[in-house]
Amino acid sequence: MVGAGPAALTASIYTTREDIETLLFERGAIGGLAAVTDKVDNYPGFPDGIEGLTLADNLHKQAERFGAVIELGEVTGITDEGEYKRLETTSGEMLAKAVLIATGCDYKKIGVRGEADYYAHGVHYCATCDGAFYRDKRLVVIGGGNSAFQESIFLTRFASHIDILVRSRVRASDVLQEEMKKYIKQNKVTIHTNVTIDEIVGVNGSVDKVLTTNSSSGEKKEFKTDGVFVFVGLMPNSQFLAGSDVALDDMGFVKTGEHMQTSMPGVFAAGDIRSGSTMQIASAVGEGSTAALIIREYLDGKLMPKSESSREVKAPQ
Amino acid sequence: MVKSITIFTTNTCAYCAMVKKYLDIKNHTYEVVNLDEHPERQAEALSLSGALTVPVTVVTKHDDSQEVIVGYNLAQLAPAIA
């Protein structure tokens, strides 16, 4: 399995319980984006929510309990050799009878001047990692979706004030917007909409301000800040599939048929990397378990049920 | 040869957990400085790493030279502890 986020960890619980030897490769944090999320309130079974790192840790322990092996490293290529798939990895070449691609996404960068220059010197993408450095400091959060709002709420533990800069309108869920009202009332958070980021400017090697333009009035505005946290969306981790026979859509997500199979026989995809995914932990977990059951059928040599919209997956004879 | 390893971490940092896991797999012992519990040591982490981020891993060799790895970076960490 390429990746060890919620989709792959769930899939591995199923495959290992069926005595299918399962190896997962993870180049980042086990648990994926869930592990770096402050709090998860919409994953079922946790009425008071659960810390992302705790959920990730629980999934990890459960997968290893049944025998999943997690290798800390990276898969850099996959080729089809019929009965086996050959994987190039940082631990050498490996053969597998089936592969699950579950590499998920990483946070996007804005792509403005100053962003790369000040990375880790005032520009950050992980609030749970770096928020603690900003006790009693001013912060800017860029983004208007669920991640921007959830992580801003986390950052209120440290920051004296947070300006949230939203490109157009707020898209965060109603629940998060409602929770944010408390911090707005306390003057801990101010939300600014129709804000285009022009540049991140520093002084003496540290971030000092963010230059912006209001997209409806054209007005220029500076936001003085000690740090910037960026949550502007997700990009798929599919660079290792470039040039392979695993088909991607226009945005780089892995295309799958009805039964999670990709265009390479014996290779399946689940979770945020999958084209059409709903980008939720609960969905990733569901897709991971579905993919595992389909992989079991595939390895048992059983044909997939035919349907007009699905490709038939033939197991090797 | 490695004389000592110190990792600067925070409670909520997933990448810090990954550095610890990697060092555990490689059977290395290490000191953990939790910056949530010891915010007074943030300046030390910043001056060692030049960055406002964790994890910061400081590998001290037997000749007292130090290598500082910022973030969860196996390409740098692996040779530093070899």
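Visitor: How many residues of helix α5 of chain A are buried?

Guide: In this predicted model, helix α5 of chain A, residues 146-155, is mostly covered, with 10 of its 10 residues buried.

Visitor: Which residues are those in α5(A), the buried ones?

Guide: The buried residues of α5(A) include N146(A), S147(A), A148(A), F149(A) and Q150(A). E151(A), S152(A), I153(A), F154(A) and L155(A) are buried as well.

Visitor: At what angle do α5(A) and α6 of chain A pack?

Guide: α5(A) packs with helix α6 of chain A, residues 174-185, at an angle of about 35°, and the two axes are 10 Å apart. The crossing of α5(A) past α6(A) is left-handed.

Visitor: And which residues make the contact?

Guide: From α5(A), the contact is made by N146(A), F149(A), Q150(A) and I153(A). From α6(A), L176(A), Q177(A), E179(A), M180(A) and Y183(A) take part. Sorted by class, this contact has 5 nonpolar, 3 polar and 1 charged residues.

Visitor: Let us step back. How many helices and strands does chain A have?

Guide: The secondary structure of chain A comes to 7 helices and 19 strands.

Visitor: Into which domains is chain A divided?

Guide: Domain 1 of chain A covers 6-106 + 234-299, and domain 2 covers 123-230. Their centres, taken over C-alpha atoms, are separated by 32 Å.

Visitor: How many residues are in contact between domain 1 and domain 2 of chain A?

Guide: In chain A, 4 residues of domain 1 are in contact with 7 residues of domain 2. On the domain 1 side, the residues divide into 1 nonpolar, 1 polar and 2 charged.

Visitor: What about the size of chain A: what radius of gyration does it have?

Guide: Chain A has a radius of gyration of 22 Å. This agrees with a compact globule, because one with 317 residues would have a value near 20 Å. Along the principal axes, the C-alpha atoms of chain A fill a box of roughly 65 × 40 × 40 Å.

Visitor: What share of chain A is buried?

Guide: Of the 317 residues in chain A, 45% are buried. As for contacts in chain A with a separation of 6 or more, 61% are between residues 24 or more positions apart.

Visitor: Now the other chain. How many residues of chain B are in contact with chain A?

Guide: There are 18 residues of chain B in contact with 20 residues of chain A. Helix α1 of chain B, residues 14-25, gives the most to the chain B side, with 4 residues. By class, that side has 13 nonpolar, 4 polar and 1 charged residues.

Note on methods. Residues are numbered from 1 along each chain as its sequence is written. Chains are lettered from A and ligands numbered from 1 in the order in which they are written. This is a predicted model: local features need pLDDT of at least 70, side-chain atom pairs count only at pLDDT 80 or more; totals for chains, interfaces and linings use all residues. A residue is buried if 20 or more other C-beta atoms lie within 10 Å of its own, exposed if 12 or fewer, and partly exposed in between; C-beta atoms are placed from the backbone. Helices (H or I, at least four residues) and strands (E, at least two) are DSSP runs, numbered from the N terminus. Two residues are in contact if their C-beta atoms, placed from the backbone, lie within 7 Å. Ala, Val, Leu, Ile, Met, Phe, Trp, Tyr, Cys and Pro count as nonpolar, Asp, Glu, Lys and Arg as charged, and the others, Gly among them, as polar. Domain bounds come from an automatic or database domain assignment. Axes are lines fitted to C-alpha atoms, for helices over the stretch in contact, and angles run from 0 to 180 degrees between N-to-C directions. A crossing is left-handed if the near helix is turned anticlockwise from the far one by less than a right angle, and right-handed if clockwise. The radius of gyration is taken over C-alpha atoms; the globule rule is 2.2 Å times the number of residues to the power 0.38.
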